[in-house]
Amino acid sequence: MAFDPDIELIISAYETKDDIGKILRCHLVIEQQLELLISTSSRAKVDGRTTFYSKINLLRAIKVPEKICISCEALNDLRNKFAHNSKATIANTKASSSKFLSAVEDLIPILPQSHGSLHRRKEKIEHVIDYQGGDQGQRIVIAASFLSAVIGTLPKLYDFGEPSVIASMSGLNLP
């Protein structure tokens, strides 16, 4: 398994009009990256019984930068709003979704200026993404995809003690 975000899952999250599906897909993309990072960076074993919160604590144990942990916690809090309330929407969980977006923006200061496109490899489907111009749901998906990519690059950019020169040059807001 590579440290690459599941682009199909990200595109599905971006395309769906279902808020629950959007949030659950974003959470799953991050969780996949966390499991891979933990299993390759420590001797800890994660399985289906390991909670997301426990995975965040394992990140802290291997000294992953706190801003990444805070971003993951904020996404988990947002996901829990949807998991425990069938009437949850992005509109009525604005405080939680804004907390997640703020945490990721603090980690990745360039995020608000992000724009580009998502492509499906086999189909001629393209989604133009514009963080500032998107709605709250689209911003959540974009932020989750950036967070997933950051988690995936940690083994290359960070030795879990000191950020590398590359990490400093990348614009990540790491300690």
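1. In this predicted model, the contact between helices α2 and α4 is made by D19, I20, I23, L24, C26, H27, I30 and L34 on the α2 side, which meet C72, L75, N76, L78, R79 and F82 on the α4 side.

2. As to the geometry of the pair, α2 spans residues 19–41 and α4 spans residues 66–83, and their axes come within 10 Å of each other while crossing at roughly 145°. The handedness of the crossing of α2 and α4 is left-handed.

3. Two cysteines of this contact, C26 from α2 and C72 from α4, deserve a separate remark. C26 is buried, its relative accessible area being 2%, and C72 is likewise buried, with a value of 0%; both figures lie under the 20% cut-off for a buried residue.

4. On disulfides, the count for the model comes to zero. For C72 in particular, the nearest cysteine sulfur belongs to C69 and lies 6.6 Å away, and because a disulfide requires the two sulfur atoms to be within 2.5 Å, C72 is in no disulfide.

5. Regarding confidence, the protein chain has an average pLDDT of 84, and 82% of the residues score at least 70. Over residues 163–170, however, the pLDDT falls below 50, although this stretch has 10 contacts in the model beyond its near neighbours in sequence. Where pLDDT is low, the predicted coordinates should not be read in detail.

Notes. Residues numbered from 1 in each chain as written. Predicted model: local features only at pLDDT ≥ 70, side-chain atom pairs only at ≥ 80, totals over all residues. Heavy atoms only, no water. pLDDT = per-residue confidence, 0-100. Contact = heavy atoms within 4.5 Å. Axes fitted to C-alpha atoms, helices over the stretch in contact; angles between N-to-C directions. Helix = DSSP H or I, 4+ residues; strand = E, 2+ residues; numbered from the N terminus. Left-handed = near helix turned anticlockwise from the far one by under 90°. Buried < 20%, exposed > 50% of the residue type's maximum accessible area, 1.4 Å probe, protein only.
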